[in-house]
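Reader: I am new to this structure and would like to learn how to read it. Where do we begin?

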Amino acid sequence: MKSCLVVDDSKVIRKVARHILEGLDFTVSEAGDGQEALDACRSKMPDVILLDWNMPVMSGMDFLRALRTTDAAPRPKVVFCTTENGVAHIRAAIDAGADEYVMKPFDRETLASKLQIVGVA
Amino acid sequence: MIAQRQMHAGEASALTMSALAALLEQRTGQRIAANRAWRIDTALKPIATERGMASIDALVAEVRGGGNAALADQIVDALLNQETSFFRDAGAIETAAEAIATVATGRPRIWCAGCSTGQEPLSLSMALTEREVEHELIATDVSGHAINRARAGRYSQFEIQRGLATMRMLRWFDQDGSDWIARPALVRGINFRRSNVVLDTPPGRIFDGVLCRNVLFYLAPDLRPRVLDAIADSLRPGGLLMLGAGETVIGQSDRFAPSKRFRGLYELVAPKPAA
């Protein structure tokens, strides 16, 4: 069973993502901001991270940059999942090391297909 | 045939449901699958409302007996299952691109039959172009609405994200508000046409490959061999056919055999020499 860390400051989004991901046979853990996510990754690296952009304490982008400087092996896949839907944001996320990008709002099919594209579903 | 139990599931009368089934089959060869009969209310209510009609019965009465061809078109379009997505069924499009590029002797010519709103031919065009394979694609669908949408190449945020990798989205589409539009370089080699796979005869022996995915499933069983025959006639010797994941030629055509070289595809069987 693959593991997914859902990083989002919205409890509602975390709940929706958890529901979808558990339906796709993932074990799910949650973090409310980038710093919490970094702590969670130091404790146990997930297979994939579903990552919001705008969060308090530490943004998704700062988390991603910090994550990609670690020597985590195997390297976790990172799927941005955000309302920042412009091309400039998407390119910036990919350049910073994101593997995929989901524009909110999303549904089960979208998430499932993106997880398949990054090779974890 | 529509299961009787299902026919009474919605608001439409049994008479209306029979008329709809007949209209759809006459125009497209498709049958309303029992497990999709529930969609009829959802599909037709907006059309009835738009025309100020109180019920689906009233809407269908308008087209019974061959009246109001434009409305009949609209109703048939609404009843068709146009579900599709980019790179549907993991690996299928990549396999098709690789296989067809291999068997083609020159620039591959490919027919996407039942292309719906265009995601399949666009996916194939991406996969071929990324392999630097120049190609010619003919993409057909029985739905005029779907073909118009395919020609426009405009997809909503939900549609663009289904099955399409972000890097490909950035390479092949431009953002326009919340929509994404296919770039001219991608659609240039695709000829979208409205055509009925049951009633229209495709040109003979010109295609290196045909994708006819999730089309046969919706056709009446007696029509499937006829459609497979027409596809066989349209292929060059050695041409390839790809069907949907749950579809097969077995028991329906002896003109194709599962390809030993390309998993998931069928090869056109060479005709036996006359005795």
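Author: We begin with how elements are named: helices and strands are DSSP runs, numbered from the N terminus. By that numbering, Pro202(B) lies in the loop between strand E6 (190–194) and E7 of chain B. Keep in mind throughout that this is a predicted model.

Reader: Is Pro202(B) buried, exposed or partly exposed?

Author: A residue is buried if 20 or more other C-beta atoms lie within 10 Å of its own, and exposed if 12 or fewer do. Pro202(B) has 18 such atoms within 10 Å, so it is partly exposed.

Reader: Which residues does Pro202(B) touch, beyond those up to four places away in sequence?

Author: Pro202(B) touches Trp111(B), Ala230(B) and Ser234(B). Its C-alpha atom is also 8.2 Å from that of Asp233(B), a residue 31 places away along the chain.

Reader: How should I read a nonpolar core?

Author: In soluble globular proteins, nonpolar side chains tend to be buried together. Here the largest nonpolar core has 75 residues, and Ala96(B), Ile100(B), Cys112(B), Leu124(B), Val210(B), Cys212(B) and Leu241(B) have the most contacts inside it. Helix H6 (residues 92–103) of chain B gives the most to this core, namely eight residues. At least three residues come from each of domain 1 (4–79) and domain 2 (92–268) of chain B.

Reader: Which residues are in contact with Leu124(B), leaving aside neighbours within four places in sequence?

Author: Leu124(B) is in contact with Ile93(B), Ala96(B), Ala97(B), Ile110(B), Cys112(B), Leu137(B) and Leu211(B). There is also a second, separate core of 33 residues, which includes Leu50(A), Val78(A), Ala93(A) and Phe106(A).

Reader: How are the domains of chain B arranged?

Author: The domain assignment gives domain 1 (4–79) and domain 2 (92–268). Their centres, taken over C-alpha atoms, are separated by 29 Å. The contact takes eight residues from domain 1 and 10 residues from domain 2. On the side of domain 1 that touches domain 2, helix H2 (14–28) and helix H5 (69–79) of chain B each give two or more residues. That side has one nonpolar, three polar and four charged residues.

Reader: How many residues are in contact between the two chains?

Author: 11 residues of chain B are in contact with 15 residues of chain A. Helix H9 (157–161) and helix H10 (166–172) of chain B each supply at least two residues of the chain B side. The residues on that side divide into five nonpolar, five polar and one charged.

Reader: What does UniProt list for chain A?

Author: An unreviewed UniProt entry lists "domain: Response regulatory" at residues 3–119 of chain A. Over those residues the chain is 44% helix and 21% strand, with end C-alpha atoms 13 Å apart. UniProt also places "modified residue: 4-aspartylphosphate" (unreviewed entry) at Asp52(A).

Reader: Where is Asp52(A), and is it buried or exposed?

Author: Asp52(A) is in the loop between strand E3 (48–51) and helix H3 (60–69) of chain A. It has 27 other C-beta atoms within 10 Å, so it is buried. Not counting residues up to four places away in sequence, Asp52(A) touches Val7(A), Asp8(A), Asp9(A), Gly60(A), Cys81(A) and Thr82(A).

Reader: What should I look for in the backbone angles?

Author: Most residues other than glycine have a negative phi, and most peptide bonds are trans. Against that background, Asp89(B), in the loop between H5 and H6 of chain B, has a positive phi of about 65°. Asn214(B) has a positive phi near 60° and is found in the loop between E7 and helix H12 (224–234) of chain B. As for the peptide bonds, a cis bond joins Lys104(A) and Pro105(A), with omega about 0°. Pro105(A) is in the loop between strand E5 (100–103) and helix H5 (108–117) of chain A.

Conventions:
Residues numbered from 1 in each chain as written. Chains lettered and ligands numbered in written order. Predicted model: local features only at pLDDT ≥ 70, side-chain atom pairs only at ≥ 80, totals over all residues. Core = buried A, V, L, I, M, F, W, Y, C linked by C-beta atoms within 7 Å. Helix = DSSP H or I, 4+ residues; strand = E, 2+ residues; numbered from the N terminus. Domains from an automatic or database assignment. Contact = placed C-beta atoms within 7 Å. Nonpolar A, V, L, I, M, F, W, Y, C, P; charged D, E, K, R; others polar. UniProt positions renumbered as here; feature names shortened; annotations may be inferred.
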